[in-house]
Amino acid sequence: MSLCAQPETGDGDTQTCLEDIESTNSNCLSKKKCNITDILKKNALILLTLAAIILGIALGFALQPVNMTETQINYFTFPGQMLLRMLEMMLLPLIVSSLIAGIASVEKKTYGKIGLYSFCYYATTTFLALTSGVLLAIFIKPGKSPEHITATSVGNSTPMQTLDAFLDLIRNMFPSNLVKASFSLYVTVYSEKKTSGDDNATESETVPIPGSTDGMNILGLVVFSVGTGVILNYMGDEGKPMRDFFDCLSKVTMHLISVIIWYSPVGILFLVGGQILKMKDMGVIGRQIGMYTVTLVTGLALHCLVVLPLIYIVITRKNPIRFVSGLLEALTMAFGTSSSTATLPVTIHCLETYLNMDKKVTRFMVPMGAIMTMDGTALYEVVASIFIAQVYHINLSVGQIILIG
């Protein structure tokens, strides 16, 4: 029955009834306003980041007629470069402190199970990404062309040997200098060594020698952090001061990341705009790599929108949309920066803040995932390899395709 549905009421009762209706309506409106305000506050960063991407694209196309030089584009992207530098600055303390604190605080059987599950999951998703990439490249044939193109020589650079690449991986697991591992990677380079034979004939031999390349040796830092965390776990009460130190360092790092994240919309705006400005001739780009882009995007969409959600549904029996909605900040950050490593701090922040996941799991799984899982890279490389073979009319056998994968 409504508030005014009483049969016998006087003027005073009628006035009271109208006042109750007005009060109820005002309360409903205020609640709706509060709900909208709460939603905007909760998703403010996501909305700002999406707006930054849209504005960056618009600004990039608007400035294209200016024909900016490389130097001017470099100055234009300076705010975006600062965002990448701030995120990369957080990687070293985040990876080391989170892994050591996470492993040192869990039971011995637990991190063994987590490690096994993570390895199986990452191996499965990478294999599925490779398979989808191979199938799409074979069926779509992005490099098929009526014109026969011959390869041209681009220099005398010695290709990396498979054995040396495998040995470099093992060497990077155990860096000789942890400080140097934070900004450089070990890589084998080749040198021509000339020797004289018995008949005074000069012979040349390609000899592998130590070299280095810029970049953080995340694999070496992870191996060191995991080993340190395991030892601290076995030390018990004796290792408690060190566990408390790394736990505190991890919390401080996450607070710093929370501050940096609010600067991300500004940086993403200029990063996206800079990428648009670097596209000098859209028509030429479209003709050259149009089908390749279609193949790659189709593969990524299939993997992200079908394969991964199916795995999530099968394992958890839950709706993946809620899980993905909690990672929108990380997804938009990844789109704007094109760097999974730079997105690592934001991913941990989203998992712990919005999805309420256990820190012992996130601090172990996410850094490990940054190294072990390369689904997008694997799909990209296998599509690119088959695309190049198709461009030069090279027929690949089943064995060669498997070897590429």
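A residue counts as buried under 20% relative accessible area, as exposed over 50% and as partly exposed in between, with a 1.4 Å probe and protein chains only. By that scale Met82, at 28% relative accessibility, is partly exposed. The model is predicted, so to speak of local features takes a pLDDT of at least 70, and side-chain atom pairs count only at pLDDT 80 or more, while totals for chains, interfaces and linings use all residues. Residues are numbered from 1 along each chain as its sequence is written, and side-chain values use heavy atoms, with hydrogens and water left out.

Met82 lies in helix α4 (residues 78-104), where helices are DSSP runs of H or I with at least four residues, numbered from the N terminus. Although Met82 and Val266 are 184 residues apart in sequence, their C-alpha atoms are 10.0 Å apart in space.

Helix α10 (residues 264-278) packs with helix α2 (residues 44-63) at an angle of about 30°, the axes being 7 Å apart. That angle makes α2 roughly parallel to α10, a term for angles under 35 degrees; axes are lines fitted to C-alpha atoms over the stretch in contact, and angles run from 0 to 180 degrees between N-to-C directions.

In helix α13 (residues 328-337), the buried residues are Glu329, Ala330, Thr332, Met333, Gly336 and Thr337. Seen down the axis of α13, these fall within an arc of 165°, so they line one face of the helix.

Definitions and conventions
Helices (H or I, at least four residues) and strands (E, at least two) are DSSP runs, numbered from the N terminus. Angles under 35 degrees count as roughly parallel, over 145 as roughly antiparallel, 65 to 115 as roughly perpendicular and the rest as oblique. The arc is that of the directions from the helix axis to the C-beta atoms.
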